Amino acid sequence: MKSLFSGLLLALLAGHATAAADGPILIKFSHVVADDTPKGQGALLFKKLVEERLGEQVRVEVYPNSSLYGDGDELQALLNNEVQLLAPSLSKFSQYTPKLQVFDLPFLFDDLDAVNRFQKRAKGRQLLSSMEKSDITGLAYWHNGMKQLSATQPLQKPSAAAGLAFRIQSSPVLESQFQNLGAKAVKLPFADTLQALRSGTVQGTENSWSNLYSQQYAPVQPYMVESNHGVLDYMLVTNSTFWYSLSHSVRIELDAIIDEVTYTVNRAAEAQNREARERLAASGQVTLVSLSAQEREAWRQAMQPVWQQFEGEIGSDIIHAAKQVNRRSN
Ligand code: LMR
């Protein structure tokens, strides 16, 4: 019964994906951020290149700002083939694989170049297929940038975070990271965060400069700490059944477009975050707090116990490979 059902489902999806006679294949690309961010720009570039090169055969619709699906339902929508492309943050996959939690470990990567090196090496590339059992294929890693802390207070020292509530993405590692500071971690969809900061339900958060800026947190987060304590990157994912039902020639062309878009997104992300940081600094609404080497070390020590806590789940081989990419340890 089950195999009859999955056979029918496959036929349905395959029919859907190869319906050139009835018009182009539709790829819906849903995401939760603004157009004017690394991921937002990547989605629009993908649409443009597909239109130019495969216009007759494939049509792309991009839905930014959680306008179609949000954090709570987008992965289920992908599994239902209601959207065909997503690029969730790597912190949002723990339900499908514990291994990607490596990216959430605080103070693991020195900078975005180190993250890039890990993603290109064998262990990092293998993680793209870590969710195949759930019918999710990873197509590429897209960068956003390093995470900074923001709050209603300066947070020069980790002890200042105790007692505050921080909005986090739905990641057990991030939850534990804030609990280690004596803070409360509140899992909230990205789309609900500004309202929670405004109402005072949470007093702090962590994100990349481009998200802190484009979500207009400045009026309610007067202090932003240049902590670079973690990374916010994405995996471009598709529904495997959908993807492998595409004709070989269309898939090869889409793969080539994705390679090109990935290169552009990853080259531009750092500059986009730098610009967002400068705009925040110039806004007059935010004090940028920088940390001395000693203060940064205090944050590292306060957060790092989560490494040990999650080593078994993530795999010590993966953590070891990730540690190797920092220049200091090369
Ligand atoms: C967040 O929820 O803070 C981020 O994952 C949003 C995003 O997609 O950049």
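Modeller: A residue is called buried when its relative accessible area is under 20%, exposed when that area is over 50%, and partly exposed in between, with a 1.4 Å probe and protein chains only. At 11% relative accessibility, Asn81 therefore counts as buried. The model is predicted: local features need pLDDT of at least 70, side-chain atom pairs count only at pLDDT 80 or more, and totals for chains, interfaces and linings use all residues. Residues are numbered from 1 along each chain as its sequence is written, and side-chain values use heavy atoms, leaving out hydrogens and water.

Helices (H or I, at least four residues) and strands (E, at least two) are DSSP runs, numbered from the N terminus. Asn81 belongs to the loop between α3 (74-79) and β3, and its phi is near 60°, a positive value in a residue other than glycine. Leu155 also has a positive phi, near 55°. Leu155 lies in the loop between β4 (136-151) and β5 (165-168) and is buried, with a relative accessible area of 2%.

Aromatic residues come next. Rings of Phe, Tyr and Trp (its six-membered ring) pair if their centres lie within 6.5 Å; planes under 30 degrees apart count as stacked, over 60 as edge-to-face and the rest as tilted. By this rule there are seven aromatic pairs. One of them, Phe29 with Phe46, is edge-to-face, at 6.4 Å centre to centre and 70° between the planes. This pair links distant parts of the chain, since Phe29 is in strand β1 (residues 25-30) and Phe46, 17 residues apart from it, is in helix α2 (residues 38-54). Both Phe29 and Phe46 are buried. The ring centres of Phe109 and Phe118 are 5.8 Å apart with planes at 40°, so this pair is tilted. Phe109 is buried at 5% relative accessible area, and Phe118 counts as buried at 1%. Phe109 and Phe118 form one aromatic cluster with Phe103 and Tyr141.

Lys92, in the loop between β3 (85-86) and α4 (112-120), is buried with a relative accessible area of 14%. Its side chain is joined to that of Asp71 by a polar contact of 2.8 Å. Asn273, in helix α10 (residues 248-282), is buried as well, at 6%. The Asn273 side chain reaches the backbone nitrogen of Ser210 at 2.7 Å.

Finally, helix α6 (residues 172-179) has as its buried residues Val173, Leu174, Ser176, Gln177 and Phe178. At the start of α6, a side-chain oxygen of Ser171 comes within 3.2 Å of the backbone nitrogen of Val173. Axes are lines fitted to C-alpha atoms, for helices over the stretch in contact, and angles run from 0 to 180 degrees between N-to-C directions. The axes of α6 and helix α12 (residues 305-314) come within 9 Å and cross at roughly 150°. That makes α6 roughly antiparallel to α12, where angles under 35 degrees count as roughly parallel, over 145 as roughly antiparallel, 65 to 115 as roughly perpendicular and the rest as oblique. Pro305, in helix α12, counts as partly exposed at 39% relative accessibility.

How values were computed
A polar contact is a pair of N or O atoms within 3.5 Å; within protein, one must be able to donate a hydrogen and the other to accept it, and residues adjacent in sequence count only if both atoms are side-chain atoms.
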